[in-house]
Amino acid sequence: MALIEVRDLHVHLGESHVLQGVSFEVPEGGVTALLGRNGVGKTTTLRALMGLVPRRGRVSLAGAELTRLPTHRIVQRGVGYVPEDRDVFAGLSVDENLRIAERNGSPRYELVYELFPELKTRGAQKAGTLSGGQQQMVAIARALLNENSVLLVDEPTKGLAPLLVTEVAAALERAAELATVLLVEQNLAVVARVAQQVVVLDGGRVVHAGGAKELLGDPERVRALLGVHGGGH
Amino acid sequence: MSTFILLTITGLGLGAMYFLIASGLSLIYGLMGVLNFAHGAFLTVGAYATWWTSTHVGGGPGAKLLVGAIVGLAVGALLAALVELVLIRPLYERHIEQVLVTVGLALVLSALVEAIWGFDARQFPVPDWLIDTTTIFGANIPNDRFLEIATAVLVFLGLTAFLRYTRYGLIVRAGVENRAMVTALGIDVRKSFTLVFAIGGLAAALAGVLSGVYFGAVDPGRGTSLLIFAFIVVVIGGFGSIGGTAIAAVVVGLVQQYANYYASSGLGDLAVVLLLALVLLARPGGLAPKVAH
């Protein structure tokens, strides 16, 4: 049974009809990657699921309708969000960035510090002074701090050095053991490593959905759908 | 020397009032993006509630002022919270409509005060010990100046502690930076909006009480006249910054006093506008832009 069901999702941003009836399902467990060329609506899809942009259509989580809920209520249903540009609070310390994300009495600091030990030593440092990779750790840590059934993760490796990409990919694998992950990612090597399912968008619509191995193992198909030499190998 | 000391302490007293009005204004804009032109009306209503209560309770001027001030602060905070819930909340992200509503509300509340209590200034209950003076290095300083400065310092410390050490303070500081991300962490940021409006209304009402003590009377135009300088303070200090607002309030109060005395009477207001222009040219975002601290 699908954990997330998206049906006929439409988003208009200004004059632009960004999502034109997007429909897909995310099975429970593992990582589903949302792929596509630049500007096809991947980030907008995640923002629409979060209720961060006005949208039309139906989104449900474990059968419960989310579309009419405000963003904070969607999160309280167990949806964690790691935005594209990290969006850490630059003027707050690392500790404060984590503390504000706590939603209940038992935040999972042990897990967070196990994955990102650097965050413990940099607790008092202002998040705005961290490197891009460290800010990404804070952004992922905020989502992992609470028990979520779903994590929406938007381009977590964007702009990171190769070593950090490996670290973030490892964190995503660990996260996928704890929650279902819907991942927007341009780095196909990361997709090949962590994802079991893929959904491909083009022109604001879903043009392909299926197994990650099947798609990434077919370079012609990858080139046709994503415009890149694929495979992630 | 004694004149300089008198001007300095009077300027600090004036700056204290500007800070009390501007701090709420700054947080409200920093967190919610709302330019609240009705903020001066919170001051006026708080001052009138204080005066009205003081005329209906017994005791000496000190007791009347204290009881009146408690009621005035409560009225200011409640009015502000009500305005946020009823008028501002349906208009978030609709900035033109917000400006129209807050300007309209300021006019309505001012007209309402005039209709109920008339245009004439009403004498404030000021105890003798506040009217008396204390001599410092030869300067006879009215005691109310010390009350204004001490109150503003306490409010500054209280707001700083609130922002730094409480969960709501953390939410406000984060919300000033990125409101959408706060909601994406599962926080109903609208509760913080109401709280910040109430705190702003309370601080404005406190400025209303202190302005009543400072001028010895309250009139319907008080809030509007002080609001103009509070806006200048907020712009100089940087929207959303309590520290920047405090520094700007002190500088504006002092510049106004010094210019009025050493240049020409009435030149103080012009000097403040010139100061605003200079700061905007040098630092367009103000002294400490967009971070609540």
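In this predicted model, E177(A) is exposed, with a relative accessible area of 58%; exposed means over 50%, buried under 20% and partly exposed in between (1.4 Å probe, protein chains only). Its side chain meets that of R174(A) in a salt bridge, with 3.1 Å from N to O; the term denotes a side-chain nitrogen of Lys or Arg within 4 Å of a carboxyl oxygen of Asp or Glu. The structure holds 17 salt bridges over all chains.

This is a predicted model, in which local features need pLDDT of at least 70 and side-chain atom pairs count only at pLDDT 80 or more, while totals for chains, interfaces and linings use all residues. Residues are numbered from 1 along each chain as its sequence is written, chains are lettered from A and ligands numbered from 1 in the order in which they are written, and side-chain values use heavy atoms, with hydrogens and water left out.

- E177(A) and R174(A) are three residues apart in helix α7 of chain A, so about one helical turn separates them; helices (H or I, at least four residues) and strands (E, at least two) are DSSP runs, numbered from the N terminus.
- R174(A) is partly exposed, at 25% relative accessible area.
- Salt bridges that share partners join E5(A), R7(A) and E25(A) into one network.
- Within that network, the closest N and O atoms of R7(A) and E5(A) lie 3.5 Å apart.
- R7(A) is partly exposed at 31%, and E5(A) is partly exposed at 24%.
- R193(A) and E173(A) form a salt bridge whose closest N and O atoms are 2.9 Å apart.
- This pair links distant parts of the chain, 20 residues apart: R193(A) lies in helix α8 (residues 188–194) and E173(A) in helix α7 (residues 162–178), both of chain A.

**Contact between chains B and A**

- The contact (heavy atoms within 4.5 Å) takes 19 residues from chain B and 21 residues from chain A.
- The two chains bury about 1600 Å² between them, 62% of it on carbon and sulfur atoms; buried area is the accessible area (1.4 Å probe) that two parts lose on being put together, summed over both.
- L170(B), M181(B) and L185(B) supply 33% of the area that chain B buries against chain A, more than any other three residues.
- One salt bridge is counted between chain B and chain A.
- R173(B) forms a salt bridge with E96(A), with the closest N and O atoms 3.0 Å apart.
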